[in-house]
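Hi,

Here is the structure I promised to pass on. My notes on what turned up in it follow below.

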Amino acid sequence: MSQIQVELQNVNTAYGGEPILENINLKIDKGDFLGIIGPNGSGKTTLLKTILGLLSPTSGTVSLFGKNISDFSDWQKVGYVPQKAGSNLVRFPITVWETVSLGRLNSKRWLDFETPKDERAISDALEAVGMFPHKKRLLGELSGGQQQRVFIAKALASHPELLLLDEPTVGVDSESQAKFYELLKKLNRDMELTLILVSHDIDVVAHEVTTIACINRTIVSHGKPKDVLKGDFMKKMYGENLRMVVHGH
Amino acid sequence: MWRAFEAGLVIALIAPLIGNFLVVRRYSLIADTLSHVALSGVAIGLILGTSPVPTTIVVTVIASLLIEWLRSQNRIPSEAVLAMFLPGGLALSIVLISLAHGFNANLFSYLFGSITTVRQDEVYLILGLGLITLAAVVLLYKKLLYSSFDEESARVSGIPVSFVNVSLIVLTAITVSLAMRVVGVLLIGALMVIPVVTAMQVAKSFIQSMYLSIVLALSEVFLGLFIAYYFNLPAGGAIVLLSLLVFSVVAGLGRK
């Protein structure tokens with residue numbers, strides 16, 4: 001039986017009077033691995049921020065785990081890895097452990113002192129992404145790929161059921177990217193974590209995710225990658241000049 | 001003399017404590033801005049004939065709330081907000097002082113700090129508010145760190161980011177007001193930033209940077225006060241020059 005974790009009904013958003021998203025309807029079930037793709041300025045990040053409650057729709061409803069977002073308070077069930085999460089790190093003296101420990105905070109806690117339970121959760125999260133041996137290092141000393149793993153661990157530390165990632169592989173070399181997607185697949189498969197991934201990298205996304213949603217202000221197409229990406233659909237979406245380069249994986 | 005040490009101890013403890021969060025937020029200049037605003041508070045206190053510390057606290061807290069509100073509106077770049085309040089505070093204080101036909105003798109000690117004019121009741125106020133500030137930072141430590149590190153993720157986690165930001169800026173305003181008696185309004189920004197930046201050259205974690213900057217600030221304030229006392233120099237000037245010297249040495253050694 002499927003269990004709907006995210007539901008958007010007739011969602012419209014605008015910024016400064018300009019519509020960004022129009023009539024978005026989307027259901028995301030437990031265990032889905034959804035890739036959201038679309039051209040620049042198509043509203044991918046806006047969609048993600050609307051699901052996270054960082055932006056309010058002008059009309060329509062957003063529900064998380066069956067609750068209207070305005071009544072939703074179980075935010076520890078939702079992990080978020082923002083775009084360019086590591087861009088503010090120059091001269092920010094924070095260790096891997098300290099970063100992941102932030103993932104343990106939530107609105108229901110008043111005291112933030114680390115308990116043994118917190119320490120176990122932080123260790124487990126670091127183990128899951130293979131960064132435990134680096135726990136004492138400064139985040140700023142790590143490579144882009146390693147930093148992304150730490151941000152995943154930070155999101156995992158609250159034991160989320162749903163993880164949203166915004167362009168997580170920007171600035172990460174291709175070898176680390178491959179490992180990164182391997183990790184996401186493992187989390188999706190082994191921990192039954194629902195994943196929503198925003199990316200401009202259609203080719204990679206098409207190979208990794210189980211469901212794909214193409215947006216350009218509204219949802220242009222939604223379904224299994226092989227159905228969505230067939231025929232001349234991509235041309236319609238991105239224009240005639242698009243060239244698809246498909247690698248074997 | 002001993003009162004100045006008591007007050008200096010409290011300031012050296014809380015100034016870098018707050019300063020760590022300001023520096024990583026690239027908001028170091030807020031302390032300098034508020035210290036110029038604080039001058040208006042001093043002027044009001046002197047006009048009213050009361051101790052300037054309470055009036056300064058009221059004025060800087062109001063200004064800090066206005067600054068945070070303007071910043072959160074996102075219509076003006078945050079450094080421009082600071083660049084408006086800094087001369088604004090100075091302008092108000094100059095006008096007030098001129099209206100009161102000047103009160104020269106006392107003002108110099110508020111500008112650059114004085115070790116001989118700190119009164120006992122002011123020491124109690126510094127001690128009390130200093131302890132409250134310390135407790136607030138300890139209780140809000142992780143929330144402050146998260147909001148400084150990644151405001152958006154902190155919001156998603158349900159952290160009351162706006163409350164945390166307002167708390168930080170109000171604590172900054174209180175610290176600036178308290179510190180003015182020891183290092184003077186013009187030099188407090190330095191005490192909130194220089195020991196922190198020095199500590200960050202060598203710190204291996206954020207908490208280590210917190211501890212190290214406190215140790216540095218405590219040592220620098222004590223040594224600076226001694227030097228000021230024995231060579232009859234302005235306390236603020238001695239402390240800031242000493243902390244810059246320590247920074248140069250640490251940064252120089254770190255490059256090897």
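Gly53(A) comes after helix α1(A) and has a positive phi, near 80°. Helices here are DSSP runs of H or I with at least four residues, strands are E runs of at least two, and both are numbered from the N terminus. Please keep in mind that this is a predicted model, where local features need pLDDT of at least 70 and side-chain atom pairs count only at pLDDT 80 or more, while totals for chains, interfaces and linings use all residues. Residues are numbered from 1 along each chain as its sequence is written, and chains are lettered from A and ligands numbered from 1 in the order in which they are written.

Helix α1 of chain A (residues 44-51) is mostly covered, with seven of its eight residues buried (20 or more other C-beta atoms within 10 Å of a residue's own, with C-beta atoms placed from the backbone). Among the buried ones are Lys44(A), Lys49(A) and Ile51(A). Chain A as a whole has eight helices and 10 strands, and 43% of its 249 residues count as buried.

Where do the two chains meet? The contact (C-beta atoms, placed from the backbone, within 7 Å) takes 19 residues from chain A and 21 from chain B. On the side of chain A that touches chain B, β6 (78-81) and α2 (96-102) each supply at least two residues.

Over in chain B, Ile11(B) touches Leu178(B), Ala179(B), Val182(B), Leu191(B) and Val221(B), leaving aside residues up to four places away in sequence.

Enjoy exploring!

Technical notes. Two residues are in contact if their C-beta atoms, placed from the backbone, lie within 7 Å. A residue is buried if 20 or more other C-beta atoms lie within 10 Å of its own, exposed if 12 or fewer, and partly exposed in between; C-beta atoms are placed from the backbone.
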